[in-house]
Structures are given as C-alpha cells and as structure tokens.
Amino acid sequence: MSGLTVEQARALRDIVKSVPNRLGLFRNTLGAEPKNAPGMGITCSVFCHAVTPILRSSIAATSLRVEFHVRLQIPWSTAPEEDIDPVLMSAAVAVMGGYAAGLRLSPAEAAGIDVRTIDIRGMEGVSMAAPFGTLDHDGKKYRAVLITVPILLNNVLTEVP
Amino acid sequence: MAIASGLAEQFFVDANDLSAATAGARRLSSSMSPLQTPVISERGMRRIPGLRDGAMDVDSWFDDSVIHPVLSTLPTTDRVATWCLTTALGGPTTSIVGKQIGYDPTRGQDGSLALATSVLGNGSALEWGRSLTGGGAFGNIAVQGSAGSLTGYNDEAIAATNFGLQLYVHLLSFTGTSITIAVHDSNDNGAGDAYAIVPGATTAALTTPGAVRVTTSATENVKEWLRITTTGTFSAATFVAAYVRNATARWF
C-alpha cells in the first residue's frame with residue numbers, strides 16, 4: 001500500500017470500533033470523542049491519537065504505527081462506588097482480548113490496508129496499555145480507562161531519494 | 001501481506017503443546033557447511049554443498065505443568081519439534097528431528113526464571129514447511145471426534161512437484177483404537193480430481209500420543225492441493241501436521 005486515503009482511514013477506524021462494539025458491553029460505541037457528556041452506563045469512544053513512522057520498515061518504504069485510543073468512561077455517580085473499577089477493569093480486558101483475538105484485523109485487507117499486527121506488546125512503542133483515571137466532561141465527573149490500540153501498517157510511505 | 005510479526009505462534013515437542021510457556025526462539029537454524037574446493041584455474045573460491053544441519057534454540061518460562069515435565073527429562077532418544085510461525089492453514093512451519101541439548105535455568109535478579117533448551121539435528125536438518133492443520137479454533141491443532149478430512153490447502157506459488165514430501169505429525173492426545181494421519185492431494189481441491197493419498201505420506205496406525213517424521217519416495221508426484229485425511233476408530237484426537245514439499249531433489 002502507499003499512502004492512506006480517507007476511505008481507508010475511515011475503514012480502519014470502523015474496524016477498530018467494531019471490536020468493542022460486538023462485545024455488547026457498552027451503552028454506546030462511538031467513532032469519535034463525545035462532545036456532550038454521556039449518560040449512565042459505560043460509553044466507549046474510539047478516536048485516533050497518533051501516526052508515527054517506525055524503524056522496523058523495509059528498505060523501500062516506511063511503515064507506520066497508527067495509535068487509536070479506545071476510551072471507556074462511566075459516571076462517577078454510578079453505584080455501588082466500589083464496583084466502578086472492577087467493572088471497568090473487566091471491560092477493558094475484554095476489549096484488549098478482542099484485539100488480541102484478531103491481531104491482523106483481517107477485514108482491513110479488503111480495504112487495501114496492509115496490517116502487520118496490532119502491537120499489543122509494544123515492539124514499536126507503547127504497548128496496548130490501559131491506564132485508569134478520572135475525566136471531567138462538561139462538568140460531570142467520570143471514571144475512565146484509556147486503552148491504546150497501536151496498529152502497525154506495512155510500507156505506507158514510499159521512499160524516493 | 002508484506003512484513004509480519006512474530007505474535008500468535010505455537011511450539012510443539014513430541015506429543016506436547018509447549019506454546020503457553022515458551023518465551024521465544026533464539027535460533028531456528030537450517031545450515032549447510034560448504035566444502036571449499038579451490039582449483040588452480042579460478043581466482044575465486046569454489047564451494048560445493050556439504051553436510052546440512054539444523055538447530056532450534058528455544059527459551060521458555062519455568063512452568064511446572066507444561067514445560068518442566070516435558071523438557072526436564074532430557075531423553076537420549078530423538079525429539080521431534082515443530083515451530084509454527086502463524087496459526088493459519090498453510091502458515092509457515094519449521095521442524096526438526098534431533099537430540100535435546102540441555103535444559104538450563106537462569107534466575108534473573110528481577111526474579112524471573114527462564115530456561116534455555118536446544119534441539120540439534122540428528123542426521124537431518126531443520127526443514128521449513130507449511131501447516132495442514134492450521135486455521136481452526138485452536139490454531140495449528142486439529143481436533144477430531146472421528147475420522148475425516150480437513151480443509152485443503154493450495155500453496156499457489158508452487159505447482160505440482162515430483163520430488164516427494166516430508167510430513168511432521170504431533171499426536172497430542174488420543175482416545176480410541178487407532179488413528180492414521182495421511183496427506184491427500186488433488187489438482188483442483190477435489191472439484192474434478194478427487195483427493196487421493198500421496199503414497200508414503202502417512203503415519204502408521206497410531207495408538208498413543210507421540211510425534212513422527214514421515215517421508216515419501218524422493219520422486220513422488222505431489223499435486224497442488226494438499227489436505228490431511230485421518231482414518232481409524234477413535235472418539236477424540238488432537239494433532240498437528242505440517243508438510244515439507246521438496247521443490248528439488250531431497251537432501252536427506
């Protein structure tokens with residue numbers, strides 16, 4: 001592949017979004033950061049974080065690491081309070097497991113995207129880490145976990161001297 | 001697909017799936033020691049092929065249920081080992097028959113306990129092949145409740161060949177009377193040319209878990225499409241099978 005068209009980028013985002021979507025765990029699975037504060041339950045949002053060239057490329061083209069963020073957020077007011085973290089933790093691991101079970105994002109091939117792998121162990125940067133924290137969204141407080149989904153795409157940037 | 005990663009691999013030794021505690025492979029080597037035969041009429045060194053050899057150097061994490069019971073025995077008989085680079089049908093595999101050399105622990109200052117093991121070829125080398133049991137729910141491990149055929153595989157880069165093949169089989173578990181695991185071939189995945197056994201590409205009737213390397217005649221015709229077909233009477237069998245198609249005359 002050479003370059004990444006808007007259609008391919010959209011297809012890649014949709015494929016990344018489909019993994020948490022089919023788990024059936026979330027009130028909403030969004031393909032962008034929500035502008036308005038979400039309601040009760042866990043809201044999942046998928047958005048791009050970074051695009052970075054990687055060292056382990058070929059001699060003719062540079063491969064890229066595309067990092068998506070999958071954010072799970074649940075209102076701080078959810079009861080019982082002590083269940084918030086275990087529920088989020090279980091959901092985060094389920095999402096990570098979904099990606100581990102399909103490392104090559106096989107539907108991407110139909111869109112002309114050459115996926116090397118989801119970089120779950122961080123061979124080219126941060127691994128598929130999922131730090132927890134709190135989020136202030138439109139004045140409402142949420143407990144959130146931000147899952148990094150790094151995807152290595154082969155030979156995207158054709159090199160010419 | 002271009003560049004691939006090393007994620008989602010599997011490793012089998014004899015009748016054992018060691019994937020869950022295997023950390024990685026330091027060396028999967030298939031080498032050839034050339035013989036130098038310089039002649040006075042040439043200014044460059046001449047070489048002719050010498051002995052082939054092979055080695056698998058594998059690192060594992062200490063695991064008293066998976067790795068330790070298998071590798072700590074250090075048998076004097078040959079091991080059969082297969083490393084599967086993917087879990088797909090037709091995925092690349094590399095196999096060796098040889099002697100296990102060592103089972104050496106290293107306790108790191110960080111508290112980790114890792115072990116290093118090698119298998120060095122005995123009269124043969126490490127061979128690259130392809131999986132005929134891949135693509136299932138358990139990766140390269142086929143699970144059968146009765147005799148039958150698996151999905152066919154066509155290595156489209158290679159047409160029919162006339163130099164035979166080698167078959168590596170790891171029977172991991174078995175309940176029943178016996179199972180025979182064979183490679184069948186066809187020109188067109190059975191559409192017009194029905195699958196038939198590749199003469200010689202079959203195990204004996206296996207009655208207990210184990211592993212074996214089987215060779216056909218060195219001039220056997222092997223068609224494009226290959227699949228595994230089992231026969232026998234059994235209620236449960238799990239196994240791994242990989243073939244090595246010889247594109248030129250077999251070396252060993």
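Two aromatic pairs occur over all chains of this predicted model. Rings of Phe, Tyr and Trp (its six-membered ring) pair if their centres lie within 6.5 Å, with planes under 30 degrees apart counted as stacked, over 60 as edge-to-face and the rest as tilted. In this model, local features need pLDDT of at least 70 and side-chain atom pairs count only at pLDDT 80 or more, whereas totals for chains, interfaces and linings use all residues. Residues are numbered from 1 along each chain as its sequence is written, chains are lettered from A in the order in which they are written, and side-chain values use heavy atoms, without hydrogens and water.

Phe11(B) and Trp83(B) form a tilted pair, 5.2 Å centre to centre with 45° between the planes. Phe11(B) belongs to strand β1 (residues 10-13) of chain B and Trp83(B) to strand β7 (residues 79-84) of chain B, so the pair ties together parts 72 residues apart in sequence. Strands (E, at least two residues) and helices (H or I, at least four) are DSSP runs, numbered from the N terminus. Both Phe11(B) and Trp83(B) are buried, where buried means under 20% relative accessible area, exposed over 50% and partly exposed in between (1.4 Å probe, protein chains only).

The ring centres of Phe174(B) and Phe234(B) are 6.0 Å apart and their planes lie at 50°, so this pair is tilted. Phe174(B) lies in strand β13 (residues 165-186) of chain B and Phe234(B) in strand β16 (residues 225-245) of chain B, so the pair ties together parts 60 residues apart in sequence. Phe174(B) counts as buried because its relative accessibility is 13%; Phe234(B) counts as buried at 9%.
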